[in-house]
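Thank you all for coming.

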Amino acid sequence: MTDLATSKKVPTAATSIRVRRGSRGSLAGGGALVVVVVLMAAVVPYNVSLGTLTNLVGLFALIILGTTWNLLAGYGGLVSIGQQGFIGAGGYACVYLANQFGLSPVLGVLLAGVVCAVLAYPTSFLLFRLVGGYFAIGTWVVAEVFKLVTTQFHALGGGSGLSLTAFQGVDQATRIGQVYWLALALAVAVVVATWLLMRSRWGLGLTALRDDPTAAAGLGVAVRRSQRIVYVVASAAAGLAGALIAVNALRVTPDSIYSVSYAAFMIFIVVIGGIGSIEGPILGAVIFYALQQWLQDNGVIYLIVLGVVAILAVLTAPRGLWGLLSGGGRVEFFPVGHRVRTSEREPGGVGPAEAAADGAPSR
Amino acid sequence: MEWVNAVVQGLFLGGSYALLACGLSLMFGVMKIVNLAHGALAVVAAYLALSLIEHTGMPAFATLLVVVPVFAVVGYAMQRGLLNRALKFGELSPLLVTFGLAVIIANGLQQLWSADSQAIKIGALSTASFQPGADLSVGLFPLLTLVVAVVVISAIQLFLARTRTGRAMRATRDDGDAARLMGIDDRHLYGVAAAIAVATVALAGVFLGMSTQFTPTYGDLVLIFAFEAVIIGGLGSLWGTLLGGLVLGIAQTVGAQLNPADGILAGHLVFLAILLLKPSGLFPKAVPA
């Protein structure tokens, strides 16, 4: 199956079949995204206020969280409402390591990802005894345990949290700039890594798993192992996001960094943007961020609005907004699937017909 | 002696967890739905009772006559309107829908009532107790909660075992396609199961509001405790859920006896230990539910 990676021609008597990845749309969309990233990196920081940059770090954290929650639920079939456990562990790990060992916060953020991967691996053996909805609540219990255990340690500030001291003496603009570029780089890295992952043979297995776990297992996909890898990777990324949130706020407290609200954010982002695609969670994160900024003066109204929209999306547009915009997966900015194009040679044949191999979701 | 007291208090605390958990257990047992809005619904019931008392001057226990039937209707409507639809998209969709509901409810309550904690006052009953032994004090209200939990679970068990609708529910659970071929309308049946489940959670929610202070986000803890009771007891068994609730209650009070701040953590750890050592629960399908 790896031979399909490049386009090739399989001529037959009546039709010629070509298998290809992506399209002109992908090239245009991908190109546009590259331009956006370049603008975000080179132009935006010099033209907006420091407050806006701090907010944008929040957006990048949401993109990381949405992208990897989608990896869990959209591909792995694992609905977690407990990723805040790793957001919190990552936030605490970063602040503690930076304070204690005088690490640069950048290194602290990366180490937070490693810490969370190490925590997630044994946790998965416990949680994978539960399936479906019970897995979901089980992840939440684990997150609560992480929170309660964190508050037990005086070195971690007990119930009142920790402040990041590593940036003391660093000029505010320099600090915010550093965090901003780090967050942008990590968001881009997570999205690109997810894309490359989904293009690989292993990603093909995950896509099969998404569409039908039983059939995927029958075809030799190591379902449990794939899910475990996805869980560890997504938890490491949640740790990165948590660390970014912590260095952005300069402070972690157990109640805010371990808040179940993050689970709600991730779910709304992915469900509204489009579950089971790479573009969906990015779109969802941008919509979520915009709505949050727009309605933030009205308390928690934005969460009620998002809850209603998410329920409507599940019931009427299971592929989310991206599913609607892309015509059920015909346009891909991040092409992962293979497409078969056949050119009918008989007169009256209806031009080139397209059939998606695995790009278009079948649910 | 204080340890005996902790165990006894835990037993009664467990009664309220069992009452909260039986609806969760029933919905999973009949339609394989894990209702993540379960805790939020319990808290809404408490707020509804509170506003009935404030606006009509109704006695606290009389509010049950309004709240429980209203929630039965809400449960039926929720199942027919949202969850039956969601079930068609696979097993993840009901989870996402009920999670969305939970967020809407918690934040809606916060808008309406603010984040301040509230309580339903029941006068002298809240502190009334008797002494069955030296140094041992049993509150009348916790005792009442435990009795109600046992009665509700027995009633649901009898309903599933003896009535025509209950049989149809068990048949649908065992083999939905075959049950449909026998002329069972599973959409309506699921609605009835949800109505019963949500009615019990309303009852549990009002009792909870009478026994402790609650806030709009209190449903999170309620859901977690109810879930732990279900898993400790063993999936698919209502009596197991009762036992699970009691084990969780005892774990929390004994944990709090060790260190007052660690009661809830002790409950979580007992849950995780059981998940590790006996993932099928303590009481797996001991009684056909």
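Predicted model: local features only at pLDDT ≥ 70, side-chain atom pairs only at ≥ 80, totals over all residues.

In chain A, among the contacts with a separation of 6 or more, 76% are between residues 24 or more positions apart. Chain A has 363 residues, of which 48% count as buried, and its secondary structure comprises 15 helices and six strands.

Let me take one helix pair from this chain. Helix α13 of chain A, residues 279-295, and helix α14 of chain A, residues 301-316, have axes that come within 9 Å and cross at roughly 145°, and the crossing of α13(A) and α14(A) is right-handed. On the α13(A) side the contact is made by F288(A), L291(A), Q292(A) and L295(A), which meet I301(A), Y302(A), V305(A) and L306(A) in α14(A). By residue class, this contact of α13(A) with α14(A) has seven nonpolar residues, one polar and no charged.

A236(A) sits in helix α10 of chain A, which spans residues 223-249, and A236(A) counts as buried because it has 24 C-beta neighbours inside 10 Å. Not counting residues up to four places away in sequence, A236(A) touches G113(A), C116(A), A117(A) and A120(A). By contrast, S26(A), which is 210 residues from A236(A) in sequence, lies 29 Å from A236(A), C-alpha to C-alpha.

The crossing of α2(B) and α4(B) is left-handed. From α2(B), the residues A40(B), V43(B), V44(B) and Y47(B) meet a set in α4(B) made up of L101(B), A102(B), I105(B), A106(B), L109(B) and W113(B). The contact of α2(B) with α4(B) consists of 10 nonpolar residues, with no polar and no charged ones.

How many residues does each chain bring to the contact between chain B and chain A? Chain B contributes 35 residues and chain A contributes 31 residues. On the side of chain B that touches chain A, the elements giving two or more residues are α3 (63-87), α4, α9 (218-233) and α11 (263-277) of chain B, and α4(B) gives the most, with 13 residues. That side of chain B divides into 23 nonpolar, eight polar and four charged residues.

Within helix α3 of chain B we find R80(B), which is partly exposed because 16 other C-beta atoms lie within 10 Å. Leaving aside neighbours within four places in sequence, R80(B) is in contact with R187(B) and G191(B).

Finally, the core. The largest nonpolar core has 212 residues, and those with the most contacts inside it are F60(A), L244(A) and A193(B). Helix α8 of chain B, residues 186-211, gives the most to this core, with 18 residues. As for F60(A), once its neighbours within four places in sequence are left aside, its contacts are with A183(A), L184(A), L186(A), A187(A) and L244(A).

How values were computed:
Residues numbered from 1 in each chain as written. Chains lettered and ligands numbered in written order. Left-handed = near helix turned anticlockwise from the far one by under 90°. Helix = DSSP H or I, 4+ residues; strand = E, 2+ residues; numbered from the N terminus. Contact = placed C-beta atoms within 7 Å. Nonpolar A, V, L, I, M, F, W, Y, C, P; charged D, E, K, R; others polar. Buried ≥ 20, exposed ≤ 12 C-beta atoms within 10 Å, placed from the backbone. Axes fitted to C-alpha atoms, helices over the stretch in contact; angles between N-to-C directions. Core = buried A, V, L, I, M, F, W, Y, C linked by C-beta atoms within 7 Å.
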